[in-house]
Amino acid sequence: VPDLQQSDLYTAVETAVSYMRKRISDNVTVNIENYTEQPVMVKINTALFNWVIENLMKNAIDAMNGKGTIIVSIDANLKNAIVRVSDTGKGLHKKQFKAIFNPGYTSKARGWGLGLSLAQRIIKDYHRGQIMVESSEVGVGTTMKILLPKD
């Protein structure tokens with residue numbers, strides 16, 4: 001079981017986004033939007049959480065064919081910290097919303113279809129949270145949402 005440490009969510013997200021910015025094309029714009037006024041503290045394993053954010057960003061880049069905009073936003077309510085990763089990619093059909101988390105499911109020519117199933121396991125089993133498709137429209141883009149309990 002991974003060790004979870006009390007961490008500032010914005011700092012964790014910013015670290016993952018900075019890592020990815022150095023590795024992606026100039027044709028992809030990545031913005032972070034923080035809708036919170038106070039730091040949002042959550043118990044996370046930073047390495048695993050950052051991997052989840054990086055995986056969502058890689059999927060977004062693939063969905064946009066390497067050109068478009070990704071917005072990573074941070075918000076919170078009384079119970080949960082909320083991270084959204086939105087892209088301007090090809091989008092998903094409603095029937096794919098749950099299927100994309102199944103091991104082996106992929107829409108790519110190359111790939112094992114394990115990224116989102118592992119991301120779901122990391123968020124759900126290790127961080128007691130949820131990861132889901134919040135919204136998607138074919139030809140417009142997708143928003144993935146992560147909910148993490150505020151302790």
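## Basis of the model

Helices (H or I, at least four residues) and strands (E, at least two) are DSSP runs, numbered from the N terminus. The model is predicted, with pLDDT of at least 70 needed for local features and side-chain atom pairs counted only at pLDDT 80 or more, whereas totals for chains, interfaces and linings use all residues. Residues are numbered from 1 along each chain as its sequence is written, and side-chain values use heavy atoms, leaving out hydrogens and water.

## Helix H2

The 18 residues of H2 should span 26 Å at 1.5 Å a residue, and the end C-alpha atoms are 26 Å apart, which agrees; the expected span is 1.5 Å times one less than the number of residues. Buried residues of H2 are Phe49, Asn50, Val52, Ile53, Glu54, Asn55, Leu56, Met57, Ala60, Ile61 and Ala63. Here buried denotes under 20% relative accessible area, exposed over 50%, and partly exposed in between, with a 1.4 Å probe and protein chains only.

Met57 lies in helix H2 and, at 0% relative accessibility, counts as buried. Leaving aside residues up to four places away in sequence, Met57 touches Val17, Met20, Val30 and Ile70, where contact means heavy atoms within 4.5 Å. Met57 and Thr88 are separated by 31 residues in sequence and by 12 Å in space, C-alpha to C-alpha.

## Packing of H1 on H2

The axes of helix H1 (residues 9-21) and H2 come within 9 Å and cross at roughly 45°. Axes are lines fitted to C-alpha atoms, for helices over the stretch in contact, and angles run from 0 to 180 degrees between N-to-C directions. H1 and H2 are therefore oblique to each other; angles under 35 degrees count as roughly parallel, over 145 as roughly antiparallel, 65 to 115 as roughly perpendicular and the rest as oblique.

The crossing of H1 with H2 is right-handed. H1 contributes Leu9, Ala12, Val13, Thr15, Ala16, Val17, Tyr19 and Met20 to the contact, and H2 contributes Phe49, Asn50, Ile53, Glu54, Met57, Lys58 and Ile61. By class, these residues comprise 11 nonpolar, two polar and two charged. Ala, Val, Leu, Ile, Met, Phe, Trp, Tyr, Cys and Pro count as nonpolar, Asp, Glu, Lys and Arg as charged, and the others, Gly among them, as polar. A crossing is right-handed if the near helix is turned clockwise from the far one by less than a right angle, and left-handed if anticlockwise.

## Helix H4 and its contact with H2

Helix H4 (residues 115-126) has 12 residues and reaches 16 Å from its first C-alpha to its last, close to the 16 Å expected at 1.5 Å a residue. Leu116, Ser117, Ala119, Ile122 and Ile123 of H4 are buried. The buried residues of H4 pack against helix H2 (46-63), strand E6 (130-137) and strand E7 (141-149).

The axes of H2 and H4 come within 10 Å and cross at roughly 145°, in a left-handed crossing. Leu48, Phe49, Trp51, Val52, Asn55, Leu56 and Asn59 of H2 meet Gly115, Leu116, Leu118, Ala119, Ile122, Ile123 and Tyr126 of H4. This contact of H2 with H4 has 11 nonpolar, three polar and no charged residues.

Most residues other than glycine have a negative phi. Asn65, which is not a glycine, has a positive phi of about 55°. Asn65 is in the loop between H2 and strand E4 (68-76) and, at 69% relative accessibility, counts as exposed.

Arg128, likewise not a glycine, has a positive phi of about 55°. Arg128 is in the loop between H4 and E6, just after H4.
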